[in-house]
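Hi everyone, thanks for coming.

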Amino acid sequence: MVGGFCACIEFITFNILIKFTKIEYLVANVISIVIAIIINYVLSRAFVFEKSKHSKRNEFLSFILFSVLAIALNQLILWLFFEVIKLNIQVCKALAIIIVAFFNYLTKKHIVFKA
């Protein structure tokens, strides 16, 4: 549920930024992802994963590291689907969220919040 909620926040924020503020889509993508990442960290720590074997500092640093990698992956996927494959921007964003969700879940479950 946390992942789905954060995906919705990311998708809605992205669309608001590109439609109403006219921010360039790759910039809007980073902003929407960062907002979703912050919400995801708080909710994941509270409700999804058990206490990590790592210190809070190391847990947070590894969370940030994998989040930066997820941002890069999301940017690449969004750009590829939009600029190369020429799909609708909302479809591109949805596909990027779905693909990167697997990366996020696996890295957080098996590395960041590993008990």
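So, how many salt bridges does the structure hold? The structure holds one, and by salt bridge I mean a side-chain nitrogen of Lys or Arg within 4 Å of a carboxyl oxygen of Asp or Glu.

Quick housekeeping: this is a predicted model, where local features need pLDDT of at least 70, side-chain atom pairs count only at pLDDT 80 or more, and totals for chains, interfaces and linings use all residues. Residues are numbered from 1 along each chain as its sequence is written, and side-chain values use heavy atoms, leaving out hydrogens and water.

Back to that salt bridge: K93 pairs with E10, and their closest N and O atoms sit 2.5 Å apart. K93 is in helix 4 and E10 in helix 1, so the pair ties together parts 83 residues apart in sequence. (Helices here are DSSP runs of H or I, at least four residues, numbered from the N terminus.) Are these two buried or exposed? K93 counts as buried at 0% relative accessibility, and E10 is buried too, with a relative accessible area of 10%; buried means under 20%, with a 1.4 Å probe and protein chains only.

Now the helices themselves. The axes of helix 1, residues 2-20, and helix 4, residues 89-112, come within 11 Å and cross at roughly 150°; axes are lines fitted to C-alpha atoms over the stretch in contact, with angles from 0 to 180 degrees between N-to-C directions. Helix 1 and helix 4 are therefore roughly antiparallel, a label for angles over 145 degrees.

And who meets whom? From helix 1, F11, F14 and I18 are among the contacting residues, and from helix 4, A94 and I97 are among them, contact being heavy atoms within 4.5 Å.

Methods: Helices (H or I, at least four residues) and strands (E, at least two) are DSSP runs, numbered from the N terminus. Angles under 35 degrees count as roughly parallel, over 145 as roughly antiparallel, 65 to 115 as roughly perpendicular and the rest as oblique. Buried means under 20% relative accessible area, exposed over 50%, partly exposed in between (1.4 Å probe, protein chains only).
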